[in-house]
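Morning, everyone. Let's take a short walk through one model. Please have a look first.

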Amino acid sequence: MIRFQHRILNPVVRRLARFLPGQMMIETTGRHSGLPRKTPIGGLLQGNTFWLVSEFGRHSQYVRNIAANPRVRVFAHGKWHAGTAVIMDEDDPRQRLKQLPRYNSFMVQRIGTNLLTLRVDLDD
């Protein structure tokens, strides 16, 4: 499932993200390449904080990139927001999913094998 999502689903969604209502992305810096890496995500923007839950936890490439460099950008509501990501090991991701959009939360719970909460503190 990880390979399908990484190699097939994510590239399609990245290209369509600006046209899909409610689609969000996170842009990290590649830990080896130093290049920007965009990953489709689901989450919730609350004021200057963006919440999300990774399906595959620290096995997700974008989470590995965040561990190496927490500066990120989040695409939400048609706009890019810069911020700093925080890996929330102590947070209960299943409880957090109850606060996030239903469809994304449903998919994360069904597909996910190692849930992990992340918080992005936005600059703006």
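Here is a question to start: is Asp 91 buried or exposed? This is a predicted model, so keep that in mind. Asp 91 counts as buried, because its relative accessibility is 19% and the cut-off for buried is under 20%. Its salt-bridge partner is Arg 96, with the closest N and O atoms 2.9 Å apart. Arg 96 is buried too, at 13% relative accessible area.

That pair is one part of a longer list. The structure has six salt bridges. Take Asp 89 and Arg 58: their closest N and O atoms are 2.8 Å apart. Asp 89 sits in the loop between β6 and α3, and Arg 58 in the loop between β4 and α2, so this pair ties together parts 31 residues apart in sequence. Arg 58 is partly exposed, at 42%.

Next, Asp 123 and Arg 71. Here the closest N and O atoms are 2.6 Å apart. Asp 123 lies in the segment after β7 and Arg 71 in strand β5, so parts 52 residues apart in sequence are tied together. Arg 71 is partly exposed, at 37%.

Now the sheet. Seven strands make an open sheet, ordered β2-β1-β5-β6-β7-β4-β3, with antiparallel pairing. The edge strands are β2 and β3, and each pairs on one side only. Helix α2 packs on this sheet and touches several strands, including β1 and β5.

One last residue. Thr 49 belongs to strand β4, and Gln 46 is bridged to Thr 49. Thr 49 is buried, at 18%. Its contacts beyond sequence neighbours include Leu 44 and Val 120.

Technical notes
Residues are numbered from 1 along each chain as its sequence is written. This is a predicted model: local features need pLDDT of at least 70, side-chain atom pairs count only at pLDDT 80 or more; totals for chains, interfaces and linings use all residues. Side-chain values use heavy atoms; hydrogens and water are left out. Two strands pair if DSSP finds at least two bridges between them. Helices (H or I, at least four residues) and strands (E, at least two) are DSSP runs, numbered from the N terminus. Contact means heavy atoms within 4.5 Å. Axes are lines fitted to C-alpha atoms, for helices over the stretch in contact, and angles run from 0 to 180 degrees between N-to-C directions. Buried means under 20% relative accessible area, exposed over 50%, partly exposed in between (1.4 Å probe, protein chains only). A salt bridge is a side-chain nitrogen of Lys or Arg within 4 Å of a carboxyl oxygen of Asp or Glu. Lists of a residue's contacts leave out its neighbours within four places in sequence.
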